[in-house]
Amino acid sequence: MDKYRDWDVANYLDSDEMIAAYLEEVFASGDVSHIAHGLGAVARAKSMRKIAEETGLGQEQLSHSLSERGNPTLKTFLSVLQSLNIQLTARVADPTQT
């Protein structure tokens, strides 16, 4: 069991395309903690320190906000997306998926 405890999706997010596909799935979940955690995984893959510097947030604060128990503000969320060069788009939801 210990070998699974150290598994981290951040180790597999090695291209912008992979990150975008991962975040699309995370956002589709609609689960706030899953989204925060997913964004945190991307931040770890890209360097939490670099993103903290680019967003003007403290690294510890950013790590906490982007954890499973975190609840980033909209400002933090958008700042991180901008730092990652990820753009949000809007589309009409498929009513059969709700």
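Trainee: How many aromatic pairs does the count come to?

Mentor: The count comes to 2 aromatic pairs (rings of Phe, Tyr and Trp, the last by its six-membered ring, with centres within 6.5 Å). This is a predicted model, in which local features need pLDDT of at least 70 and side-chain atom pairs pLDDT 80 or more, whereas totals for chains, interfaces and linings use all residues. Residues are numbered from 1 along each chain as its sequence is written, and side-chain values use heavy atoms, without hydrogens or water.

One of the pairs joins W7 and Y12: their ring centres lie 5.6 Å apart and their planes meet at 20°, so the pair is stacked (planes under 30 degrees apart; over 60 is edge-to-face, the rest tilted). W7 has 53% relative accessibility and therefore counts as exposed, while Y12, at 46%, counts as partly exposed (buried is under 20%, exposed over 50%, partly exposed in between, with a 1.4 Å probe and protein chains only).

S47 lies in the loop between α3 and α4 (48–55) (helices are DSSP runs of H or I, at least four residues, numbered from the N terminus). Although S47 is not a glycine, its phi is positive, at about 105°. With 26% relative accessibility, S47 counts as partly exposed.

N85, also not a glycine, has a positive phi of about 60°. N85 is placed in the segment after α6 (74–83), and its relative accessible area of 71% makes N85 exposed.

Key. Helix = DSSP H or I, 4+ residues; strand = E, 2+ residues; numbered from the N terminus.
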